[in-house]
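This report describes the pockets and charged pairs of one protein model. Look at the sequence and the structure before reading on.

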Amino acid sequence: MARQSISFSKPNDEWLKSQIENEEYSSKSELVNDLVRQARKQQATIDWLRAKLEKSEIDGFTTDSKEMILKESKSRLNG
């Protein structure tokens, strides 16, 4: 695993410490890795939505019902 040295603003460092004190995470590394995983998942969802929108703009329509689109969007957002 790659080691990094990063600096946090005081409010962010205090928040990180509070998460560890509340036993949400066992270390700052675990917490930061979880935040990065969440951001990557969110980016994947954004990329999927962007591709859907771009395809819709090109095609002009979709055969998916709004219920299908909503269901698929929610499933991607909720994992």
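Predicted model: local features only at pLDDT ≥ 70, side-chain atom pairs only at ≥ 80, totals over all residues.

## The largest pocket

The largest pocket has a volume of about 390 Å³. Its lining is made up of Met1, Ala2, Arg3, Gln4, Ser5, Ile6, Phe8, Lys28, Ser29, Val32 and Asn33. By type, these lining residues divide into five nonpolar, four polar and two charged.

## The second largest pocket

The volume of the second largest pocket is about 200 Å³. Its lining includes Trp48, Leu49, Lys52, Leu53, Lys55 and Ser56. Asp59, Phe61, Thr62, Asp64, Ile69 and Ser73 also line this pocket. Two or more of the lining residues come from each of the elements α2 (28–59) and α3 (66–78). Helix α2 gives the largest share, seven residues.

The lining of the second largest pocket divides into five nonpolar, three polar and four charged residues.

Side chains of opposite charge can pair when their charged atoms come close. The structure holds seven salt bridges. One of them joins the side chains of Lys28 and Asp13, at 2.5 Å from N to O. Lys28 lies in helix α2 and Asp13 in helix α1 (residues 10–21), so this pair ties together parts that are 15 residues apart in sequence.

Are the two partners buried or exposed? Asp13 has a relative accessible area of 17%; it is buried because this value is under the cut-off of 20%. Lys28, at 30% relative accessibility, counts as partly exposed. Lys28 is also one of the residues that line the largest pocket. A network of salt bridges links Asp13, Lys17 and Lys28.

Arg50 and Asp47 form a salt bridge in which the closest N and O atoms are 3.8 Å apart. Both residues lie in helix α2, where they are three residues apart, about one turn of the helix. Arg50 is partly exposed, with a relative accessible area of 43%, and Asp47 is partly exposed as well, with 40%.

Lys55 forms a salt bridge with Asp59, and here the closest N and O atoms are 2.4 Å apart. How many residues separate Lys55 and Asp59 in helix α2? They are four residues apart, so about one helical turn separates them. Asp59 counts as partly exposed, at 35% relative accessibility. Lys55 and Asp59 are both among the residues that line the second largest pocket.

Conventions: Residues numbered from 1 in each chain as written. Heavy atoms only, no water. 1 Å grid on protein atoms, 1.4 Å probe; cavity = no way out; pocket = protein on both sides within 12 Å on 5 of 7 lines; lining within 4 Å. Points joined across faces, edges and corners; volume = space filled by probe spheres on them. Nonpolar A, V, L, I, M, F, W, Y, C, P; charged D, E, K, R; others polar. Salt bridge = Lys/Arg side-chain N within 4 Å of Asp/Glu carboxyl O. Buried < 20%, exposed > 50% of the residue type's maximum accessible area, 1.4 Å probe, protein only.
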